[in-house]
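Please look over the model shown here. Then work through the questions about its folding and packing.

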Amino acid sequence: MEDSVKTESVANGGGPVYAESEPADTLRSTDLSEMLAAGTKEVHEKAENTQFVKDFLKGRIRKELFKLGHVALYYTYQAIEEETERNKDHPDFSPLYFPELNRCDALARDLEYFYGEDWMERVSCSPAAQRYVERIHKVGKDEPILLVAHAYTRYMGDLSGGQVLKKVAQRALKLPATGEGVNFYQFDGIHSAKAFKQLYRSRMNELDLNMATKERLVAEAVLAFQFNMEVFDELEEMGKDIKDEIMDAGMPIHEAHGTGGDINKCPYYAAQMVASGGSAYVSQLAMAALRHPTGQVLFAALVAALAGFAAWYFM
């Protein structure tokens, strides 16, 4: 499966999952890993088209929402890792017990960076994340085999595209190159993501499961994607009540060479817009400039100068 065509996605929210295109005969396979890939394809595509995910990939990230997303991830992984630890010796789950995948400690370091040493007192589990957490604890206690679906959905996606999202976040949020704030995307105990994913899929396929159980795992993985989409939608709603942050004059992200992703830093584009009579662009640029303290000072100085000129003229 590693040789199949891959398309980037961030359907799981933590890192892009690479959806694999497979020939028709492979889709009929009874291998669990391939059944999961095929069975979650539709919901995967829905998840990757949520507004929050699309904005993230474009680099349009507001820091407050990024922080809240990390909070949701922390509680999600705390639940997953509590249940995997509880079931590490269970025959249906033990082959997939890999503590090197754990993300809780990395997320805790990120949250301390964003919120300070008292971060635990400043964050809480959101309603959407809480529903996700409750489902993970339920299957961990009642049907540990279904934990496989949640671990697959989260960890395989994080391994597939974590480095991509790490770079997007570092650039868009101007985070330190030394990794503060994006520890979540770094798997220090895994040296080859490709080799590890092959091992993980192999272990899944070796589980002694009947077809009915495999189909239940596919259904649980679909549910996991739906829980992730609920978290994305919740973050999108939260964003409506959060004051927009200034990101490079508040203008749209634009992939221009040497511009760092900001369309305003592309002189050719700006000149082209003005020369072509882009009055809306000029107005937008002016409003963006006024959001900056420097722009406000200059505007105030201009108003004062005009007022002085008017007083002199009408004397």
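What follows is a set of questions and answers on this predicted model.

Residues are numbered from 1 along each chain as its sequence is written.

Q: How many helices and strands does the protein have?
A: Helices (H or I, at least four residues) and strands (E, at least two) are DSSP runs, numbered from the N terminus. By that count the protein has two strands and 14 helices.

Q: What share of the residues counts as buried?
A: Buried means under 20% relative accessible area, exposed over 50%, and partly exposed in between (1.4 Å probe, protein chains only). Of the 315 residues in the protein, the buried share is 47%.

Q: What share of the contacts with a separation of 6 or more joins residues 24 or more positions apart?
A: Contact means heavy atoms within 4.5 Å. Among contacts with a separation of 6 or more, residues 24 or more positions apart account for 76%.

Q: Why is H2 described as largely enclosed by the rest of the structure?
A: Helix H2 spans residues 32–39. Its buried residues are Leu 32, Ser 33, Glu 34, Met 35, Leu 36 and Ala 37. H2 is largely enclosed because the buried residues number six of the eight.

Q: How is H2 set against H11: parallel, perpendicular, antiparallel or oblique?
A: Axes are lines fitted to C-alpha atoms, for helices over the stretch in contact, and angles run from 0 to 180 degrees between N-to-C directions. The axes of H2 and H11 (residues 211–239) lie 9 Å apart, at an angle of about 40°. Under 35 degrees counts as roughly parallel, over 145 as roughly antiparallel, 65 to 115 as roughly perpendicular and the rest as oblique. The angle therefore makes H2 against H11 oblique.

Q: Which classes of residue make up the contact of H2 with H11?
A: H2 brings Leu 32, Met 35, Leu 36 and Gly 39, and H11 brings Met 211, Lys 214, Glu 215, Leu 217, Val 218, Ala 221 and Val 222. Ala, Val, Leu, Ile, Met, Phe, Trp, Tyr, Cys and Pro count as nonpolar, Asp, Glu, Lys and Arg as charged, and the others, Gly among them, as polar. The tally is eight nonpolar, one polar and two charged.

Q: At what angle do H9 and H11 cross?
A: In H9, Val 148, Ala 149, His 150, Thr 153 and Arg 154 meet Leu 217, Glu 220, Ala 221, Ala 224, Phe 225 and Asn 228 of H11. The axes come within 8 Å, and the crossing angle is roughly 50°.

Q: Is Thr 76 buried or exposed?
A: Thr 76 sits in helix H5 (residues 63–86). Beyond four places in sequence, its contacts are Tyr 132, Val 133, Ile 136 and Arg 154. With a relative accessibility of 3%, Thr 76 is buried.

Q: Is Asn 87 buried or exposed?
A: Asn 87 lies in the loop between H5 and helix H6 (104–115). Not counting residues up to four places away in sequence, Asn 87 touches Phe 93, Ser 94, Gly 140, Pro 144 and Leu 147. Its relative accessibility is 6%, so Asn 87 counts as buried.

Q: What is the phi of Lys 174?
A: Lys 174 is in the loop between helix H9 (147–173) and helix H10 (193–206). Its relative accessible area of 57% makes Lys 174 exposed. Most residues other than glycine have a negative phi. Lys 174 is not a glycine, yet its phi is positive, at about 55°.

Methods
Predicted model: local features only at pLDDT ≥ 70, side-chain atom pairs only at ≥ 80, totals over all residues. Heavy atoms only, no water.
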